[in-house]
2 protein chains.
Amino acid sequence: MAVPYKAPVKDIVFGYEVIDSYNVLNKISAFSDFSEDIVIPTMEECAKFSEEVLAPINAIGDQQGATIKDGVVTMPEEFVDAYQKFAEAGWASISLPSDIGGGGMPITLSGGTLEILSTANLAFGLAPGLSAGAISAINFHGSQEQKDKFLPKLVSGEWTGTMNLSEPQSGSDLGTITTKAEPQEDGSYKITGTKVWITFGEHNMTENIIHLVLAKVPGSPEGTKGISMFIVPKYTVNDDGSVGDSNNVSCISIEEKLGIHASPTCVMEYDGSVGYLVGEENRGLNYMFTMMNEARVWVGGQGLACASGSLQGAAQYARDRVQGRPVGMSKEDAKNSTIIDHADVRRMLMTIKAYVDAMRYLMYDNQLMLDVEYFGEDEEMKAFGEERCGILTPITKAWISDLGVELSNIAIQVYGGMGYVEETGVAQYLRDARIAPIYEGTNGIQALDLMFRKLPLDNGQAMQRLLSDVNKVIDEMKQDDEELVSMAEKLEKEVNTLSEITLWLGSKMLEGELVDASAGATPYLKMFGQVLGGYYMGKAAILANKKFKETGDEFYKDKLTLSKFYIEQLLPLASGYASSITAGKDDLYAMKAENF
Amino acid sequence: MAVPYKAPVKDIVFGYEVIDSYNVLNKISAFSDFSEDIVIPTMEECAKFSEEVLAPINAIGDQQGATIKDGVVTMPEEFVDAYQKFAEAGWASISLPSDIGGGGMPITLSGGTLEILSTANLAFGLAPGLSAGAISAINFHGSQEQKDKFLPKLVSGEWTGTMNLSEPQSGSDLGTITTKAEPQEDGSYKITGTKVWITFGEHNMTENIIHLVLAKVPGSPEGTKGISMFIVPKYTVNDDGSVGDSNNVSCISIEEKLGIHASPTCVMEYDGSVGYLVGEENRGLNYMFTMMNEARVWVGGQGLACASGSLQGAAQYARDRVQGRPVGMSKEDAKNSTIIDHADVRRMLMTIKAYVDAMRYLMYDNQLMLDVEYFGEDEEMKAFGEERCGILTPITKAWISDLGVELSNIAIQVYGGMGYVEETGVAQYLRDARIAPIYEGTNGIQALDLMFRKLPLDNGQAMQRLLSDVNKVIDEMKQDDEELVSMAEKLEKEVNTLSEITLWLGSKMLEGELVDASAGATPYLKMFGQVLGGYYMGKAAILANKKFKETGDEFYKDKLTLSKFYIEQLLPLASGYASSITAGKDDLYAMKAENF
């Protein structure tokens, strides 16, 4: 049996302090009161709900999965019940604006709740996660009539929402979609086409599902500039808000996947379904982009969730399992020893735990920057949020989601043979985690985004400002205790390498050597993530050192140890990417395609 | 659907030349004729069989799996048929000694056949693989009577064999087993106990199963020195070799696993079963060790197989899938472009393919050293084989099996969303590959073996001899073309780091700082593997360069490119492990166990 989930509330709360969230958010009038008095009880409540309602059905969802028969998708009944409780408790809307019925909390707060909910049950969390995207799209770009008609029940969770982008021939490249939207006399459109990879495209948890669908109006420009966005409800909605007739929306099939079995991935068919244009024609992809950062950060969070969850199980297993005599331990002592006393098991657990901390700080900071971008008091503040968020997002999405797979994989190793057996639940974390590097823009696309959109921002000055913030933390560490000075020197070495390589890439791009730059995009993102992790672990070290002196609480001593371990033993992997970043394109293209 | 498997025969044959197998084996009288005239047709035959019989049922095995009902384990019927064909074709016995009915071929030859068979169907290959272990044990350590009774039908494949080591409380540490072996008046023993993780412990592919069981004779010494080995047939064997009565051996349950679903992992119960002592009492673990190197190399080969198989599918998908415009390509050109033209996809494919080559050379060389150890003409030759094999084996097992997981994981990414869908078969490679780092001694145990048994061999001289062989290749590269000189310099840098760290570890151990050394064991093995990979890729580069000049065949040009890519872009990851190897134990043990 899987270890019962216990949310790491204290770690999460510490994360909010590491990224300085209170000071930053309090500068925003809407969040001037944001403090630990909000964060702590929220996380405790969320922990209770997740531990009691969501975690116990995670394995059930994996084993039973969503099933389809005659176009009807059936969820395990425990999920239907849990969804009702989830919606009633208001978890779906905590960070949505209060004027549409949400909790009015900063997005930053949802970092912790999303982490907890997703660790407890990743597949479950995808339904409200996709709803949030649909809500944002309608709220930002829809008409007042559309908002009045669709938002209340989406926000309350009575209905769910979906995002319909991909088609069989259009995955990463949406320019080639063919779903057709024909204007009707009443101002609506008739939507016809097939959409694939639609998460929770069909299910029996709510009475209606509101699909946001990308489609092309006949005569619109070719490629990405001719895409429009439509609201297409599963059942039409009457003027009184009640559910009306079928709208010719059907689920043809669901995918047999490696993981997230309780999240139905649907092939959807729209057969002359009534759709309502969101905003203006041909602006659909722009509207989609406004939600993309938030969604990508959330997908990074899914990697964090799987790593964090698998750590708990692995640590418990390592504390319980009696086996072998650790090197250097007497036979007598070994009688009371479990495998957590083996250096190698320790190394695996330290590796996961240190990365989880670094990933958490990065993700929360990224969300903080979303709040600054969306709700900043002035244009300067908003612009800074947008700039920083722009750089962090591809790293959060790709670096963390890759690590989610790698660390769940390490957790399996801690269990030994039991890790390979499904009943311990750790294998599910690996299988569930594996989707995150793929969807919401593959990690390869994130790397291109970092290289070609983010590195050149403000002529490279945006990047320099981030690196300069890193150096400020290094300077601060150098003024601190000896242990931090030593860490600062190691961090500085890696930051310097990153800075040099960033400049080198910038000059390559200025020279027009774009393919050479693209060849290094993925290792560059990996190096960047590893170094940024060091930056956050440095910040955490300063804070933890201070708080340990104030309180004597060994929790803070442990945080210092984890920072030290990260900076001394994990961060140095960053330099290993240098030569592949600068190697250029030639060797990648030397072989003919057919020779692979 | 999965891409039909096509065995990489030319790559495999090239591998035999890279490791200089013909020159080495021809010095052994039994293999004086060993040449490409044996290797090429063998691999071609094996490819044909694997492509036609085993690969097509790989997905069936995954989906249906082995099932159990009332103690009867049923295989998919396609597996029962395939096993008959496999045994009849003689693949089970190709590298077994001819005096017991085997093919009399060197173990080295089975490197290629095992790779092909395992890529086609990993789960299937585990049955004959375990049989081979049982055959070796009986052949090396059994009495003539036992050999006459059990070997013919094991060698012919009419029966299969198993290895029964683990018990619920005894996994990595066999010193604590409790299965009892009570001597009977007729010279046999009565075996009673429960064994776990027994691969193909029960199935319906053959009429009998011969279990090799570790058990304790009452009154024997405590711990590993009191373990004996027994032959325990599922059904007793009559004097004429026919199958007799049930022997009270039963399968209680099989595990629900992440992968290798068509390989039943059994909990076996021996309830007063008749067992025959192999060799002498209390020597069981020693006998087991004689087969361990071979088995561990084979498990490394499983990682190679999954990486190689997943590469084929990913490359084909990348050649077929039209999506997006590669950086720097005109819109017009992009119309005929598939995702293999994207630098990032190229990087993923190059990474898998280069590692697969390096892994292949390492595994084949390790098997070559097994032949030298077992069949060497004189003691000096045998001693060299034993020494080199000792060092290579933990690296082959751990480095390759870890990479098997990592590279299958990368292959999934090449497929994008289709990689997460089971029907493409690539997810199965990841799930199947995940067992290899765990069984046959976890990779953590391999790292301890390398550090504490192999590094000190002959006072460190054995390690120096290996490093000196690496340096000889570097010298040879420096005498070659400019491209190889440049590669040599990069390889030298990493070898020097490895040498320094090896010396540092040696001195730590001399100082008795064993826990500090153990703390660095896993990163040391990873660094060692990465550098050894560079050594083999260097050897391959010399050979490929020469053959390309002789033949103009672009296959060799590609091999040169792959070596260059490995040495310039993958090998530098090695240095990233340095600081974690030398960091010592303190940070690993700073946190209390309950705080993880």
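Helix 9 of chain A passes helix 11 of chain A in a left-handed crossing. The model is predicted, and chain B superposes on chain A by a rotation of 180 degrees with 0.0 Å of shift along the axis. The two copies are thus related as by a two-fold rotation axis.

**Packing of helices 9 and 11 in chain A**

- Helix 9 (residues 284-320) and helix 11 (residues 343-375) of chain A pack at an angle of about 155 degrees, and their axes are 9 Å apart.
- Because angles over 145 degrees count as roughly antiparallel, helix 9 of chain A is roughly antiparallel to helix 11 of chain A.
- On the side of helix 9 of chain A, the contact includes Asn293(A), Glu294(A), Val297(A), Gly300(A), Gly301(A) and Leu304(A).
- On the side of helix 11 of chain A, the contributors include Val345(A), Leu349(A), Ile352(A), Lys353(A), Tyr355(A) and Arg360(A).
- By class, this contact between helix 9 and helix 11 of chain A has 15 nonpolar, six polar and three charged residues.

**Relation of the two copies**

- The superposition of chain B on chain A has an RMSD of 0.0 Å.
- Gly576(B) is the residue of chain B that comes closest to the rotation axis, with its C-alpha at 2.8 Å.
- The same surface serves both copies, as 100% of the contact residues of chain B recur in chain A.

**Interface between chains A and B**

- In the interface, 70 residues of chain B are in contact with 70 residues of chain A.
- At least two residues each of the side of chain B that touches chain A are supplied by several helices of chain B, among them helix 9 (284-320), helix 12 (379-415), helix 14 (443-454), helix 17 (514-519) and helix 20 (578-581).
- Helix 11 of chain B gives the most to this side, with seven residues.
- By class, the side of chain B that touches chain A has 32 nonpolar, 21 polar and 17 charged residues.

**Helix 1 of chain B**

- Within helix 1 (residues 9-18) of chain B, the residues Asp11(B), Ile12(B), Phe14(B), Gly15(B), Tyr16(B) and Val18(B) are buried.
- The cover over the buried residues of helix 1 of chain B includes helix 2 (21-26), helix 3 (36-54), helix 6 (107-120), helix 11 (343-375), helix 18 (521-551) and helix 19 (554-570) of chain B.
- Asp20(B), which follows helix 1 of chain B, has a positive phi, near 60 degrees.

Technical notes
Residues numbered from 1 in each chain as written. Chains lettered and ligands numbered in written order. Predicted model: local features only at pLDDT ≥ 70, side-chain atom pairs only at ≥ 80, totals over all residues. Buried ≥ 20, exposed ≤ 12 C-beta atoms within 10 Å, placed from the backbone. Helix = DSSP H or I, 4+ residues; strand = E, 2+ residues; numbered from the N terminus. Contact = placed C-beta atoms within 7 Å. Least-squares fit on C-alpha atoms with pLDDT ≥ 70 in both. Nonpolar A, V, L, I, M, F, W, Y, C, P; charged D, E, K, R; others polar. Axes fitted to C-alpha atoms, helices over the stretch in contact; angles between N-to-C directions. Parallel < 35°, antiparallel > 145°, perpendicular 65-115°, else oblique. Left-handed = near helix turned anticlockwise from the far one by under 90°.
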